[in-house]
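Subject: Structure handover and notes

Hello,

Here is the structure I said I would pass on. Please open it and keep it in view while you read the notes below it.

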Amino acid sequence: AVRKALPSVVNIGTEKIVSSPYSPWGSRDPFEGFFRDFFAEQLAQKATSLGSGSIIDPAGLIITNSHVVHRATVINIVLSDGSIREAEEVASDDLNDVALVMIKGDVLKNFEPIQIARGGDLYLGETVIAVGNPYGLGNSISKGVLSATSRNAVYNGKVIFSDILQTDAAVNPGNSGGPLININGEMIGMNTAIYREAQGIGFAIPVSRIESIVCKWLIPERFGDASLGIIPEHRGKSEGFSVGGIIPESPAEKAGIKIGDRIVALDGIRYKNIVDYGRRLWNLKVGDTISLEDEKGKKRTLKLEKISLKDGRTIAKIRLGLGLVELDEKVALSLGYPFKGGLVISQPPADNPALSRGKILVRLNDISVNSFDDVARALKNVRFGEKVNALFVDILEKEENIFIAKREVEIETK
């Protein structure tokens, strides 16, 4: 099992900006105490972080804990043969402590991906092996048993996670992000923490949760300019994957695929797990075709198109979820604004309470926004799922005085 898994396990060293000695969310994080107890040793280093990860695709995609690479300025990957590659963060989910990184450069795309067990294929008392890089000493293993499944991680009476795997295999700082494997060499979880006040207790994020997060990231839109239009979703133990979202004006929408449809085969192949489906999807390029079969046996063949949106107004609506209008004289008068020009929110996104009607968009990342053309320019090279920093201003009137309030909001592009 170890011989089978080791080529897929990497060491991760980072140089990063440290915002808090404990929590990846900063000093005001409500779960700060929880992460102090569980992750303190991993985050105690001021400039560098040592962790582990698992290769999930021959092209160099790696999953690890988000706290290992959180806000890293440089990510170095040490492969099993000792060679070092630089990597970049593709996506992260801090709440679930899962991140996806990719080896950079024109390297040979023949990395050995780890085999992933079926979600829920767990047996209490079965032999498990933690693989990783404790204390930066190189690849090492520790053996134990699966002590519990669906364990609650509770801090101050609040359940943080409810599906944690518990093992008595030694899980040390540096093992974070590495795989917990079964005796078949298949990954059943990701080592993620040590409970410092107890001996012989380690924890791992189960594969089922990792799959539900990573499947949404393994789409062509996140890696290039090709669009298929399907956002996969993991639902239970059913075969294949559900369509959790459809990108507007994409081949999937044009083909009539709906949210909730269940896809069970790609090009006639039924894969073992949802990550394998993702491996097929994310590598698709403009002009490629793929056949999708749903659970009712209906087949559709889709051809990938280049992502293309008509104008800045449409781009803002589809990619940012923002309804914007030009702040002309009529709009300025209706809002009581003493000036005109720029773009103002007419329809805020339902999933972002920080934004409301009447706020003026003035910047996206480092691009000043005065027109819809500026919106199109700012989002031209931003891929699906990436986050942009948007600066808004609000006009406030108090005792006949006018004040301008600024607010910076992070928006995930669609």
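How to read the notes

This is a predicted model, in which local features need pLDDT of at least 70 and side-chain atom pairs count only at pLDDT 80 or more, while totals for chains, interfaces and linings use all residues. Residues are numbered from 1 along each chain as its sequence is written, and side-chain values use heavy atoms, with hydrogens and water left out.

The whole chain

The protein chain has 10 helices and 25 strands. Both are DSSP runs, numbered from the N terminus: helices are H or I with at least four residues, and strands are E with at least two. Of the 414 residues in the protein chain, 51% are buried. Buried means under 20% relative accessible area, exposed means over 50%, and partly exposed lies in between (1.4 Å probe, protein chains only). Take the contacts in the protein chain between residues at least 6 apart in sequence: 58% of them join residues at least 24 apart. A contact here means heavy atoms within 4.5 Å.

Strands of a sheet pair through backbone hydrogen bonds, either parallel or antiparallel. Two strands are taken to pair if DSSP finds at least two bridges between them.

The antiparallel pair of β14 and β15 (residues 241-246) is held over four bridges. In this pair, Pro232 has Val243 of β15 as its bridge partner.

Strands β20, β21 and β22

Strand β20 (residues 323-326) pairs with strand β21 (residues 343-347) in the antiparallel sense, over four bridges. Here Val325 has Val344 of β21 as its bridge partner. Strand β21 is also joined to β22 (residues 360-364) by two bridges, and these two strands run antiparallel. Val344 has Ile360 as its bridge partner in β22.

A helix and a pocket

Why is helix α4 (residues 207-214) largely enclosed by the rest of the structure? Six of its eight residues are buried. They are Val207, Arg209, Ile210, Glu211, Ile213 and Val214.

Rolling a probe the size of a water molecule over the atoms shows where empty space is left. A pocket is found on a 1 Å grid over the protein atoms alone, as an open set of points where a 1.4 Å probe fits, with protein on both sides within 12 Å along at least five of seven lines; lining residues have an atom within 4 Å of a point. The second largest pocket has a volume of about 400 Å³. Its lining has 16 residues, of which Ile307, Arg319, Leu379, Lys380 and Asn381 lie nearest its centre.

Single residues

Ser54 is in strand β2 (residues 48-57). Its relative accessibility is 0%, so Ser54 counts as buried. Apart from residues up to four places away in sequence, Ser54 touches a set of residues that includes Ser8, Ile114 and Met187.

Asn133 is in the loop between β7 (127-132) and β8 (140-155). Asn133 is buried, at a relative accessible area of 2%. From C-alpha to C-alpha, Asn133 and Asn11 are 6.1 Å apart, though 122 residues separate them in sequence.

Ala378 belongs to helix α10 (residues 372-378) and is buried, at 11% relative accessibility. Leaving aside neighbours within four places in sequence, Ala378 is in contact with Leu364 and Ile367.

Beyond its neighbours within four places in sequence, Lys387 is in contact with Glu410, Ile411 and Glu412.

Regards

Notes
Points joined across faces, edges and corners; volume = space filled by probe spheres on them.
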